[in-house]
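Please keep the sequence and the 3D view at hand while reading.

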Amino acid sequence: MATVPAAQSETIEQIGAAAQRYAAASARIDQIAADDVGLTLSTCEANFINLLRLRGPLTPGHLAELTKLTSSGTTTGVVDRLEAAGYVTRERCTKDRRKVIVSLNDERFRDQDAARAQRLSALLSGYDDAQLVTIAGFLTRLADTEATVATPS
């Protein structure tokens, strides 16, 4: 493993701390939105929401597989709570009526997404195109690196 100069090591530590602070703040923002509907958003529920945002509609089985849940009862309970809070809807698959598809209620996220987009746009307005490409590349690589640990093979 290559050694890193002390100044670069400190910067790397700052980046790691900032990434953790962002994750914590983002989770808190999600919880503030959940408070509006009286839901205490568990990590599992937040994971389901994020997976649906990233991948689109999924079956409960696929959600369970991606989050490594082994109990169909737990999966059903999470989907039940999210549906009752207005985060998701369930529909029967038109091709195979035995399958249920869980979809996000996009309307539920419209205001939250618009506010986040405004904050991000304001934050990034001071960067030039080359810097934005670097930032986008870094965040993509960070997410991909963490996803290799968090996603089952």
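A residue is called buried when its relative accessible area is under 20%, exposed when it is over 50%, and partly exposed in between (1.4 Å probe, protein chains only). The model is predicted: local features need pLDDT of at least 70, side-chain atom pairs count only at pLDDT 80 or more, and totals for chains, interfaces and linings use all residues. Residues are numbered from 1 along each chain as its sequence is written, and side-chain values use heavy atoms, with hydrogens and water left out.

**Salt bridges**

- A salt bridge is a side-chain nitrogen of Lys or Arg within 4 Å of a carboxyl oxygen of Asp or Glu; the structure holds 6 of them.
- One joins the side chains of Asp113 and Arg53, with N to O at 2.4 Å. This pair links distant parts of the chain, 60 residues apart: Asp113 belongs to helix α5 (residues 106-124) and Arg53 to helix α2 (residues 43-55).
- Helices (H or I, at least four residues) and strands (E, at least two) are DSSP runs, numbered from the N terminus.
- Asp113 is partly exposed at 30% relative accessibility, and Arg53 is partly exposed at 36%.
- Asp80 forms a salt bridge with Arg90, their closest N and O atoms lying 2.2 Å apart. Because Asp80 sits in helix α4 (residues 72-84) and Arg90 in strand β1 (residues 88-92), the pair ties together parts that are 10 residues apart in sequence.
- Asp80 counts as partly exposed at 36% relative accessibility, and Arg90 is partly exposed at 29%.
- Within helix α5, Glu107 and Arg110 meet in a salt bridge of 2.9 Å, N to O. These two residues are 3 residues apart, so about one helical turn separates them. Arg110 is partly exposed, at 45% relative accessibility.
- Salt bridges that share partners join Asp80, Glu83 and Arg90 into one network.

**The largest pocket**

- On a 1 Å grid over the protein atoms alone, a pocket is an open set of points with protein on both sides within 12 Å along at least five of seven lines, and lining residues have an atom within 4 Å of a point.
- The largest pocket holds about 2,500 Å³ of space, a volume being the space filled by probe spheres set on the points.
- Its lining consists of 49 residues, and those nearest the centre are Tyr22, Ala23, Ser26, Asn50 and Ala143.
- Two or more lining residues come from each of α1 (6-35), α2, α3 (60-67), α5 and α6 (129-150). The largest share, 13 residues, is given by α1.

How values were computed. 1 Å grid on protein atoms, 1.4 Å probe; cavity = no way out; pocket = protein on both sides within 12 Å on 5 of 7 lines; lining within 4 Å.
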